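The following exercises concern a predicted model.

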Amino acid sequence: MSSHALKLAVILGSVRQGRFGPVVAQWFLGEARQHGRFDVELIDLAEVPLPLVLPSESPKAAAAYPRPAGMADLTRKLDAADAFVVVTPEYNHSFPASVKSLIDWHFAQWQAKPIGFVSYGGVAGGLRAVEQLRLVFAEMHAVTVRDTVSFHRYPELFDADGRLVDPDGPNGAAKILLDQLAWWGAVLHDARLNSPYSIGV
């Protein structure tokens, strides 16, 4: 199994004004960097162009998908990543349109790579959004890891400086998630090198 530093892209999904997502994302970025197996980069969807109108071609079949020039850096980051974590709120029992747009503009970038989730919300902690994302990423030929980190009633869990009031539980959950991503990330990295993944399109 590969022991090189895996490239982990942490995707901040919320683009809502006054969003809480950056607080959660910054906490998780710290945990991921401390873990020691990852070269970590944040992708903030509020800072990248994701047009709602898609080309007529499907990224599944198009050899050179016609993306806007301003999306090139984003696509390169997704291409380079060995693993992903989506930091998502729950909007109306689902995930933000920004996350779906990111997924729909890409296809091969997700294939045979592991994806983990950090969610936040009310009573459900964003887990309904996560369960729907698992279905979407399965269609992308990605592997979603079993364990997640979820923050139920999140405003009560962080102080005014964005620090967790009681970090032990979330920190432990983050380590489990990162351990799983490290295993799957290394195994699938080697597999893609030794036997490139194909869906037969």
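**Exercise 1.** How many Å separate the backbone oxygen of G13 from a polar atom of the side chain of S98? Determine also whether S98 is buried or exposed.

*Solution.* 
Step 1. Locate the residue: S98 belongs to helix α3, which spans residues 97–104.
Step 2. Consider the atom pair: a polar atom of the S98 side chain and the backbone oxygen of G13 are 2.4 Å apart.
Step 3. Apply the cut-off for burial, which is under 20% relative accessible area. S98 has a relative accessible area of 10%, and therefore it is buried.
Step 4. List the neighbours: leaving aside residues up to four places away in sequence, S98 touches G13, V15, L45 and L50.

**Exercise 2.** Which strands pair with β1, and in which sense? Describe also the handedness of the crossover from β1 to β2.

*Solution.* 
Step 1. Begin with strand β1, residues 6–12, where six of the seven residues are buried.
Step 2. Examine one partner: β1 pairs with β2 (residues 38–44) in the parallel sense, over seven bridges. Within this pairing, L42 of β2 stands opposite V10.
Step 3. Follow the chain: from β1 it passes through helix α1 (residues 21–35) to β2, forming a right-handed β-α-β crossover.
Step 4. Examine another partner: β3 (residues 83–89) is also parallel to β1, with five bridges between them. Here A9 has F84 of β3 as its bridge partner.

**Exercise 3.** What span does α1 reach from its first C-alpha to its last, and against which elements do its buried residues pack?

*Solution.* 
Step 1. Compare the span with expectation: the 15 residues of α1 reach 21 Å from first C-alpha to last, close to the 21 Å expected at 1.5 Å a residue.
Step 2. Identify the buried residues of α1, namely G21, V24, A25, W27, F28, L29, E31 and A32.
Step 3. Find their packing partners: these buried residues pack against β1, β2, β3, β4 (114–121), β6 (149–152) and α5 (168–194).
Step 4. Note what comes after the helix: α1 is followed by G36, which has a positive phi near 100°.

Technical notes:
Residues numbered from 1 in each chain as written. Predicted model: local features only at pLDDT ≥ 70, side-chain atom pairs only at ≥ 80, totals over all residues. Heavy atoms only, no water. Buried < 20%, exposed > 50% of the residue type's maximum accessible area, 1.4 Å probe, protein only. Helix = DSSP H or I, 4+ residues; strand = E, 2+ residues; numbered from the N terminus. Pairing = 2+ DSSP bridges. Right-handed = clockwise from strand over helix to strand, strands pointing away. Polar contact = N/O pair within 3.5 Å; in protein donor to acceptor, adjacent residues only side chain to side chain. Contact = heavy atoms within 4.5 Å. Expected span 1.5 Å × (residues − 1).
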